[in-house]
Amino acid sequence: MASRSRLSRRNFLVTSGAGAAALCVSGNAGGYTSAEMRARAADNKLTGVSKWELDTPALCVDLDKLSQNIATMRTRVAAMKVASRPHAKTHKCPTIAKLQLAGGSIGICTAKLSEAEVFAANGIGPILMTTSNVTPNKIRRAMALRKSNPQFVQAVDYAQNARDLNDAAKAAGIVADVVVDVAIGTRSGVPAGDQAVAIAQLVDTLPNLKLRGIISYDGGAQHIKGFKNRLDQTLNRFAPSVETFERFKRGGLNTEIFSGGGTGTYNILPKAPGVTDLQVGSYIFMDCQYLEIGGESNDQVYTDFAPSLTVVTTVLNTYFLKSITTDAGAKALTLNKPGPWVIGEKDFAYNAGSDEFGVIKYETAGRSYKVGDKLELIVPHCDPVVNEYDQMYAIRNDKVEAVWPIAARGHSQ
Ligand SMILES: Cc1ncc(COP(=O)(O)O)c(C=O)c1O
């Protein structure tokens, strides 16, 4: 099995759009220092600069692939008669959130309150916060956000939390929208069934809360390898949430939202009755973890969405046999597994375990490398990588078209 997936990954890296060419240039002639890049970015003078001239590690997003992913999601969800409500924890970038909304999404999700505050401050209205806020200060802030942004919806999964939210909403002089988070697995949310129904009934009686429906996300299902396997397990695991949703309906509770799913299950969850929208996150960028799971049309590599997010890194050392050192280590790529994929090279094993250095071991290389050459990497897991950078370079035809601040980067509270 390991060798099969390795073979497919090799093919993917050299034959797909991601790996159409060996992406290396010599030296850094005409390059810019970080200070120059910041100054040029502020002045918009990075426009037109080749991505290979950027100081590295550089987080890049390919605009054609990004647009393709937005368009693909739009077409697919329309065909399945659901909506998309992308999770903005993936990109933390208001510019991308606006592109997603312009591309048909009905809103965004956030995982953290400080993230939600950044998106709201940047003009994003429809925000669903999928994590509960349980401390007095966060509850107060969440209700303040709801007051200034009437489209803010908050998850709740405990009765006492519902009462606390209600009190804070009353103090703020608002009626706040909430969804009951119904657990799949043991991470977060109230268990499906009686306990979930009881919270919904309580919310329904609280004068300063308005029940909007259910969210139910299955983190454990997203990366199940093999489409058929993922399909069967996802629907099985989701069944108690569906039953709970039906009980909400039968009990006359508001069921206008039934949100769940992610990139790995976006084309599975709509098969469950009642689902209104998908909280897809990673589809916008893709990453090695997702490429590895296989899709409906390609059991080896998940090709439904294009890998738009890459890190460009510089070769620092080639003295040692079958070994290359780069400038992108754990702080540029995180420690997530699998290691990054080197575009254009079939046989490179990249280890980002060192803080500031990447170490590549290989048996065969597509070309020879020297100090200053650049390599382009697909990242292990997109969300935590994005959180390492202040900005991403928006690239078209290998040239910088814009520099996008990752405004909610580091907003983890
Ligand atoms: C609650 C919730 N919804 C949606 C997502 C998006 O998932 P994905 O990036 O797999 O599409 C996540 C990711 O962890 C999540 O925690």
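In what follows, Ala, Val, Leu, Ile, Met, Phe, Trp, Tyr, Cys and Pro count as nonpolar, Asp, Glu, Lys and Arg as charged, and the others, Gly among them, as polar. The model is predicted, and local features need pLDDT of at least 70, side-chain atom pairs count only at pLDDT 80 or more, and totals for chains, interfaces and linings use all residues. Residues are numbered from 1 along each chain as its sequence is written, and side-chain values use heavy atoms, with hydrogens and water left out.

**Largest pocket**

- A pocket is, on a 1 Å grid over the protein atoms alone, an open set of points with protein on both sides within 12 Å along at least five of seven lines, whereas a cavity is a set of points where a 1.4 Å probe fits but cannot get out; lining residues have an atom within 4 Å of a point.
- The largest pocket has a volume of about 540 Å³, a volume being the space filled by probe spheres set on grid points that are joined across faces, edges and corners.
- Its lining of 30 residues has His87, Lys89, Arg187, Tyr217 and Gly219 nearest the centre, and it divides into seven nonpolar, 17 polar and six charged residues.
- The ligand takes up the space of this largest pocket, where sitting in a pocket requires that more than half of a molecule's atoms lie within 2 Å of its grid points.

**Ligand contacts**

- The residues around the ligand (a heavy atom within 4 Å) include His87, Lys89, Thr130, Tyr217 and Tyr290, and the shell divides into three nonpolar, seven polar and two charged residues.
- Among the N or O pairs within 3.5 Å, a polar side-chain atom of Arg187 lies 3.2 Å from a ligand oxygen, a side-chain N or O atom of Gln279 is 2.7 Å from a ligand nitrogen, and a polar backbone atom of Gly281 is 2.7 Å from a ligand oxygen.

**Cavities**

- There are three cavities of 30 Å³ or more, and the largest cavity has a volume of about 40 Å³.
- The lining of the largest cavity includes Ile70, Met73, Arg74 and Tyr283, and it divides into three nonpolar, four polar and one charged.

**Backbone**

- The peptide bond from Thr56 to Pro57 is cis, with omega near -5°, and the bond from Lys337 to Pro338 is also cis, with omega near 0°.
- Lys322 has a positive phi of about 55° although it is not a glycine.

Notes: Polar contact = N/O pair within 3.5 Å; in protein donor to acceptor, adjacent residues only side chain to side chain.
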